[in-house]
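This report walks through selected features of one protein model. Please look over the sequence and the structure before reading on.

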Amino acid sequence: MLVCYLTDEPGKIPAIRAALEPRYQVIARVLGQESVFAPSGVLMVDADLRQAARVEEIKHALQGLDTINEKLFVVHGHLHHLIAQAYALGATSVAYNAKEAVSRLARVEATVRASQAGVECAIGRMADSSAAFASMFSAVGGGQTVNLADAETVTSQIIASINQHGLSGWLDNVRKYHEGTFQHCLLVTGIAVGFAVDIRFADQDVKRLGMAATLHDIGKARIPLPILDKPGRLDPKEEEIMRQHPAIGYDLLKDIPGIGSETLDAVRHHHEYLDGSGYPDALTASQIPDIVRLLTISDIFAALIEARSYRPPMSRENAYKILCDMDGKLEQPLVKAFRDVAMVA
Ligand SMILES: [Fe+2]
Ligand SMILES: [Fe+2]
């Protein structure tokens, strides 16, 4: 496999060659130089995305490289806005250091082989959805309003992918290639859509739940990044700030023309529990609409099967057991209906 390495520091090239060769053929280029890459293989970008000039140089360098499907960005540290920047530039996956990048390349190689062998995969569509999430979050984080058309596009992409490839393929690909808030949103939307399809929702209801899931954590775009990206458990003060995200999301969306009331409900109330122990409004059972109950189950399940910096991902079986143990908080008939989605789909 050919790896096209693009960096802003020429001094990094010998180390990357030592790590990758002879397993991969490496072409290295320093940002700002005019030499052209072969438009194939995997592109690996290792540059300081905090600098606007670097970002412009990367954009320039990427022109004409549309035929390279795999674009791996090395983003040093778990910095949410830099990850967003990487996806906005066209990243299909992100690594946090050179060592992790090498192991991601091995996964990419396996995927390329699988594709060449004729195994269908939804990675292209997933990369589009991920990029859409990234740009939506960075726009909202930067003070812009939520673009409902973007949310609808990403929701439709995810529904199409689940219908075509099933939920398991989606979960595996998302967990392999994406991380942090985007991974969570991609997972929750995929799971919620898979759930709705499994219990035979009409198409328009699948879309309504999908939209609610796509936007459910949009309030996190306004949570300070040191809290959102903290590589560890939040302390009580940070937790209190994080718990503001449903109300922030609601405020961001409530005046947008065309927003559905069920989406607003889901965004504000996806952390409410039937027994009144949730937040932000401590609603109880009769006040929590069905669509929110479905979303809450999908949200908790997604959070459990995600890798967090302070714990490995939980198996789908164990995550489902935890849902079953939340009797009183989640609607158990719905949890029962979720079993096939959690374990089999
Ligand atoms: Fe949330
Ligand atoms: Fe969530």
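## Terms and basis

Helices (H or I, at least four residues) and strands (E, at least two) are DSSP runs, numbered from the N terminus. This is a predicted model, in which local features need pLDDT of at least 70, side-chain atom pairs count only at pLDDT 80 or more, and totals for chains, interfaces and linings use all residues. Residues are numbered from 1 along each chain as its sequence is written, chains are lettered from A and ligands numbered from 1 in the order in which they are written, and side-chain values use heavy atoms, with hydrogens and water left out.

## The iron site

Donors are N, O and S atoms within 2.8 Å of the metal (3.2 Å for Na, K and Ca); water is not among the atoms, so sites may look incomplete.

Aspartate 217 coordinates both iron ions, ligand 2 and ligand 1, which are 3.3 Å apart. The pair of aspartate 217, in the loop between α8 and α9 (225-228), and aspartate 299, in helix α13, links distant parts of the chain, 82 residues apart. Aspartate 217 and aspartate 299 are buried (buried means under 20% relative accessible area, exposed over 50%, partly exposed in between, with a 1.4 Å probe and protein chains only). Histidine 270 also counts as buried, because its relative accessibility is 1%.

## Helix packing

Two packed helices are described by the angle between their axes and the distance between the axes. Axes are lines fitted to C-alpha atoms, for helices over the stretch in contact, and angles run from 0 to 180 degrees between N-to-C directions. Helix α8 (residues 203-215) packs against helix α13 (residues 290-305) at about 55°, with the axes 10 Å apart. The two helices are therefore oblique to each other (angles under 35 degrees count as roughly parallel, over 145 as roughly antiparallel, 65 to 115 as roughly perpendicular and the rest as oblique). Arg208, Leu209, Ala212 and Ala213 of α8 make the contact with Ile291, Leu294 and Leu295 of α13 (contact means heavy atoms within 4.5 Å).

The axes of α13 and helix α14 (residues 316-324) cross at roughly 140° and come within 9 Å. This pair is therefore oblique.

## Backbone exceptions

Most residues other than glycine have a negative phi, and most peptide bonds are trans. Tyrosine 279 and proline 280 are joined by a cis peptide bond, with omega about 10°. Proline 280 is in the loop between α12 (261-269) and α13.

Alanine 282 also lies in the loop between α12 and α13. Alanine 282 has a positive phi of about 45° and is partly exposed, at 41% relative accessibility. Arginine 200, in the loop between α7 (180-198) and α8, has a positive phi near 60°. Arginine 200 is exposed, with a relative accessible area of 69%.
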